[in-house]
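Let's take a walk through this protein chain together. Have the sequence and the 3D view ready, and follow along.

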Amino acid sequence: MKNVLLFCLLAAPLAAFAQATPTPNRLDGSGLSPNAAQLPTPGRYGETEVDILGSYYQQSGNHSAVEGGIGSQHLTDTAPTILLNVPLDSTTRLAANVGIDYYTSASSDKIDQVMSSPSAADARIHADFGLARVLADKLTTVGLGAGVSKEYDYLSFNLLASWARASQDGNRQLSVSGQAFIDKITLITPAELRVGGTRNKNYGSDKRQSFTLSVVYAQVLSKRLQASISIEPVVQRGLLSTPFQRVYFFDSNPALGAPGALGTALAEVLPRLRYKYPASVRLTYYATDLVQLRGFYRFYNDNFGIRAHTFELEVPVKVTPFFTLYPFYRYHTQTAADYFAPYLQHSVKDEYFTSDYDLSAFSANKLGLGFRYAPLYGLGRFKTPFGGGKITKFKSLDVRYGYYRQSTGLTANIISANLAFTMP
């Protein structure tokens with residue numbers, strides 16, 4: 001049971017590499033943001049756990065939403081993150097998740113239609129903090145958290161509350177968490193669409209609120225099989241479109257000029273209310289003492305007209321008592337949103353329109369390999385200058401590589417690493 005619960009909890013913080021606020025379009029993570037209050041408790045009371053994570057992501061494609069569904073999607077992202085889990089006493093822990101994403105983007109560079117413009121590269125900083133406490137019954141855990149994320153075009157704050165209760169025998173657990181995001185978005189539009197000309201920097205702003213609920217039930221079904229089911233509804237309202245993403249139309253009017261020519265685009269427009277309904281099942285089967293099978297399925301539906309299915313299989317194989325390999329495979333398929341059409345396929349009569357291929361119909365495959373090395377006594381021990389002479393243990397090393405390919409032609413490579421330490 002413990003392995004299933006820790007796996008579910010650890011999956012959320014890793015998503016921090018992608019985003020710290022639920023984006024209007026992406027399905028990844030079903031709109032839930034990682035928060036420090038969701039981190040697992042340390043293995044031993046009195047030990048502080050420190051995880052230093054890093055990832056490098058690179059993608060290529062030719063369906064840039066900034067250019068109306070055409071143009072380069074080349075992007076790189078480097079994302080170092082530090083996770084802290086500090087026990088304050090035998091029942092209370094404080095946790096933090098702090099990091100930065102530094103990215104370069106060919107598509108964002110075309111907001112101004114000038115190569116090497118300031119929008120070509122940027123950084124996002126994020127910090128989440130949480131406090132969790134085990135109640136007197138030793139079966140119930142409650143938590144509170146808050147966080148902030150800042151990028152050049154938005155500022156986001158979030159609040160989280162969580163509750164979890166385990167059964168007396170430890171074979172079942174029900175957890176419920178809710179999170180609210182309050183976002184302020186700068187209305188940076190394409191250069192040719194700015195009122196007052198391209199030099200006008202008085203962009204203005206808009207707001208977005210997102211509310212998420214996560215309900216997870218986990219149970220040990222047998223000595224070898226464990227399972228969990230979850231529902232994660234999301235409600236978003238406010239600005240759900242991206243103001244600097246262009247749409248080009250097959251027809252025109254005097255205000256637009258010739259279809260497809262530079263300057264005839266309009267900025268993407270989407271409804272200001274969205275409901276998401278993800279539900280998932282996760283299974284862990286201990287085939288032998290050396291091999292596990294971890295399966296995952298998620299169904300997704302929303303009021304934009306997207307319906308999606310995601311399947312994932314991971315097979316950890318213990319090569320030695322301390323060295324584990326885990327190949328993984330993920331398949332995703334979805335229908336297109338009602339408001340999506342490719343370049344020059346929209347009509348000016350449409351009320352809502354987007355050429356963002358995140359909202360298109362596509363299938364995608366992701367496969368990769370990871371390894372974990374965790375010797376019984378750690379990889380090494382050393383003194384830190386801020387530890388008062390106490391010994392810090394380098395507990396384990398995880399490295400993971402994945403290759404992603406989408407039917408739209410988008411490809412991506414990502415490599416990530418996790419260095420885990422414990423301090424008395």
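Of the contacts in the chain with a separation of 6 or more, 62% are between residues 24 or more positions apart; a contact here means heavy atoms within 4.5 Å. What you're looking at is a predicted model, where local features need pLDDT of at least 70, side-chain atom pairs count only at pLDDT 80 or more, and totals for chains, interfaces and linings use all residues. Residues are numbered from 1 along each chain as its sequence is written, and side-chain values use heavy atoms, with hydrogens and water left out.

Out of 424 residues, 46% count as buried. Buried means under 20% relative accessible area, exposed means over 50%, and partly exposed is in between (1.4 Å probe, protein chains only).

Now for the rings. The whole structure holds nine aromatic pairs. One of them is Phe340 with Tyr357: the ring centres are 5.0 Å apart and the planes are at 80 degrees, so this pair is edge-to-face. Rings of Phe, Tyr and Trp (its six-membered ring) pair if their centres lie within 6.5 Å; planes under 30 degrees apart are stacked, over 60 edge-to-face, and the rest tilted. Phe340 and Tyr357 both lie in the loop between β19 (323–334) and β20 (362–373), so the pair ties together parts that are 17 residues apart in sequence. Both Phe340 and Tyr357 are buried. Elsewhere, ring pairs join Phe304, Tyr339 and Tyr352 into a cluster.

Two arginines also have their charged ends over rings, as the table shows. The test is that NZ of Lys or CZ of Arg is within 6 Å of the ring centre and within 35 degrees of the ring normal.

| Charged residue | Ring | Distance to ring centre |
|---|---|---|
| Arg274 | Phe304 | 4.4 Å |
| Arg400 | Phe328 | 3.8 Å |

Next, some backbone angles. Lys138 has a positive phi, near 65 degrees, though it isn't glycine. Lys138 sits in the loop between β5 (121–134) and β6 (140–151), and counts as exposed because its relative accessibility is 67%. Leu344 also isn't glycine, and its phi is positive too, near 65 degrees. You'll find Leu344 in the loop between β19 and β20, where it counts as partly exposed at 26% relative accessibility.

Finally, where does Val281 lie? Val281 is in strand β15 (residues 279–286), and with 35% relative accessibility it counts as partly exposed.

Conventions. Helices (H or I, at least four residues) and strands (E, at least two) are DSSP runs, numbered from the N terminus.
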